[in-house]
Amino acid sequence: MITASNLSKNFGGKTAVNNINISVKKGELFAYLGPNGSGKSTTIKMLMGLIEPTEGTVEILGEPMNLNNIELKRKISFVPDTPDIIGKLTGNEYLNFVASIYKMDKTAYTEKRKELVNMFELQDDLGTLVEEYSHGMRQKLVVIGALMHSPEVIFLDEPNVGLDPKSNRELKNYLTDYVKQGNTVFLTTHTLSLAEEIADRICIIYKGEIKALGTLEELGEQTGSDRKTLEDIFLALTSEEDVHVQEHTES
Amino acid sequence: MFKSILKVEAQSRLNYFKVLSTGKIILYLFLLLFILALIVPAVWMVVNLFLLNAEEVMIGKAAVLLTLFIIPVLSLFLVNGIIKEMFMDKNIDSYLVLPVTPKAVFSVKLFYQFTFKVLPIVLFISMAAGLTLAARYESPLLILSNILYFIFIGAVSTAFAYLIVFIVTKISSAKRVGEILTLAGGFASVLPYFIIMAGSQYLIGIIDFMPDVSFIFSGFLYKPEIVKYILLLIIFLAAAAALIWLVLNYVTDAFVKGTANTNRVQRKKPASAEVSSSISALLKKDISMTKRDFKEWSAVLPQYLFPFVFLYLLTSNPLIYGGEASSDDQVMISIAFAGSIMISLFAAAMNTARDARTYAFLKTMPVSGLDVAKAKYLYNLITIAPMYIFITIIIYFILDVPVTTLIYAVLVSVLLVMTAAPLGMLLGTMNPVVSRKNPAQRLDTAANVIISVTIFALIFLMGYMTQFTIEFDGEAFVLKHDTMLMVIGILIVLSILSYVLLLRKVGRKYDKGYNITYRD
């Protein structure tokens, strides 16, 4: 479903992402974790085609990712890390806009929209301009816009930032059910408990390079038997001291 | 408490000026120079000349006119600052959680608004009036009474501004009100100059129309009578202080009790699910954004004044107008050519460059660049062409031309909008600029230069060509219908070519991606 081969990105002389190889299967929820500035957003933007890789290729649903491939884009969705959407539209107008662009059937749109809007409790705010929304409300609106056309693959860049606990839980349950239906989710987050709870496989990236990739158990094995939680594993892989110790042990 | 907040606010304002960019410093200096060189001397001269020579009854009437003029202008000028500082500035919340009284916080805000926005204006006017009247009546006391009276007017304007803010924020959101009032404030700040320049010849008539209130002002603002002078001095001083005190208490109370509306405003239209075609959805998006963004209006509206500048230049300059080879028909056609090229190029470029803000969002959507370009083209036609037809009709009423010339001018304008808009759109994709602080600044220098050069080249060419559109029929100059029909035919071909070739190029630019400069 999602294949990134030898993916690298340099900004000027600085390497943001270095030789990333990922393969995400159909019906899998893949969590892509890393500290701030580790290259998560750059990777997700390269996967979406928003940034051109310096090296490497991306395939989604078996096709090379290209922003001009309209049919492919109709099957995927993206929730950016900052919900900078058109502020001068109301929530209602934004959703109508997205539904029109994705050429949704009116009946399907009405039903799906109702389900998602009720789930995120945004029904009373759809008449308000997006620029007057709080960060969390914008996030909800973007997530609704990304989910309502039922994409086969969805990329979510830190989707739970600003969401209230109920919406967070609803999103978590929705994504879990969503992958069970055979869809694919690529998720970045700083909420390690979320990844631990719902991800099928986890990838930890640090300074642009993959440090570990696999199920939670596999990650535990890769970092030593005393590492129990994802937080332990994550900190072990992304703190300078531990990385040096681990690299030394491996060598 | 008051002192500490005052100090922090002063420091914050000082820091704002310390980090100003060179461009902004130059702009501010230019504005200051403009005010000092043109507005200040003009106002001073008018006040001076009038008060030195006018009959006494007219001085009182002039004070009424000045009062009626200052209150709305100053209020509009103040309103935008109030919205920004009291509704949209997070500092208020930060202050209110500190161990200070809300009154101290709002006193500081009010102090700055009054000291920096009201006082300079009322002091200038009162000094102009006071010094002149003091010289005329040989009494320096009049300087003080004039200062005090205009400070009172300043207090009334402040109260009035807060009243406007509290009323309008009940109807619409503070942000939207702020945008509308930025536009209104802009007009309000240039209004005095235009009134003085354009309306000075009618000034005496207008003053004479004002009610005679010399029973209040005589003895206080002019021709001093000591008892009345002292009494009114105390009354106006007390009234100004009372007004400020009332405003302060009301504002503090409104914010503390939450009656000041800082919440979101729900639109009246019910939320309903609607699906349309991609192009129609993109078009609706652009129209909604423009309709609601008053900053957008202030970026594009000045361009629509250019046809009137052309009209003025063409009809006021005897070298251009009134010669043997010119007529109103030619002027009308020239304005149709020059104005529509200029507006279409500039507005289309601005409208297209605006997409840079949401380019990444658009790119993730399953919509082709050509569809985006087509929607933008339609949007340009819908917004530019009717506006220009309206301007053409106004010019038709100003000039003495037959209806056929109006029809030709409208046809030429619409066809030129259709021809020039794709070119403007292409220029708008040339390295557009995204500036959150100054959203109207969205074309880079190269695009601006190219637009200017293109505009001048095309206007020159069209201006030259319009002379072939008229002929002398033995009595007067008339339009050559065969030439005009040929011009229209050529423009139809050009507009089709522009649509087919340039619009596709714009679509390809959307697909391929273009450089965007992020300023702040």
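# Helix packing and chain contact

Student: In this predicted model, is the crossing of α1(B) and α5(B) left-handed or right-handed?
Tutor: A crossing counts as left-handed if the near helix is turned anticlockwise from the far one by less than a right angle, and as right-handed if clockwise. For α1(B) and α5(B), the crossing is right-handed.

Student: How many charged residues are in the contact of α1(B) with α5(B)?
Tutor: On the α1(B) side are B:Phe2, B:Ile5, B:Leu6 and B:Glu9, and they meet residues of α5(B) including B:Val105, B:Phe111 and B:Tyr112. By class, the contact has eight nonpolar residues and one polar, and the number of charged residues is one.

Student: In chain A, which residues of α9(A) make the contact with α8(A)?
Tutor: Helix α8 (residues 216-223) of chain A packs against helix α9 (residues 230-238) of chain A at an angle of about 45°, their axes 10 Å apart. α8(A) supplies A:Leu216, A:Leu219, A:Gly220 and A:Thr223. The residues from α9(A) are A:Leu230, A:Ile233, A:Ala236 and A:Leu237.

Student: And is the crossing of α8(A) and α9(A) left-handed or right-handed?
Tutor: The angle of about 45° between them makes α8(A) oblique to α9(A). As α8(A) passes α9(A), the crossing is left-handed.

Student: Which element gives the largest share of the side of chain A that touches chain B?
Tutor: The contact takes 31 residues from chain A and 31 residues from chain B. On the chain A side, the elements that give two or more residues are α2 (70-74), α3 (91-101) and α4 (106-119). The largest share is seven residues, and it comes from α3(A).

Student: Is A:Asn6, which has a positive phi, buried or exposed?
Tutor: A:Asn6 is found in strand β1 (residues 2-11) of chain A, and its phi is about 50° although it is not a glycine. A:Asn6 has 12, so A:Asn6 is exposed.

Student: Where is B:Glu138 found?
Tutor: B:Glu138 also has a positive phi, near 50°. With 8 other C-beta atoms within 10 Å, B:Glu138 is exposed. B:Glu138 is in the loop between α5 (102-137) and α6 (141-171) of chain B.

Definitions and conventions: Residues numbered from 1 in each chain as written. Chains lettered and ligands numbered in written order. Predicted model: local features only at pLDDT ≥ 70, side-chain atom pairs only at ≥ 80, totals over all residues. Contact = placed C-beta atoms within 7 Å. Helix = DSSP H or I, 4+ residues; strand = E, 2+ residues; numbered from the N terminus. Buried ≥ 20, exposed ≤ 12 C-beta atoms within 10 Å, placed from the backbone. Nonpolar A, V, L, I, M, F, W, Y, C, P; charged D, E, K, R; others polar. Axes fitted to C-alpha atoms, helices over the stretch in contact; angles between N-to-C directions. Parallel < 35°, antiparallel > 145°, perpendicular 65-115°, else oblique.
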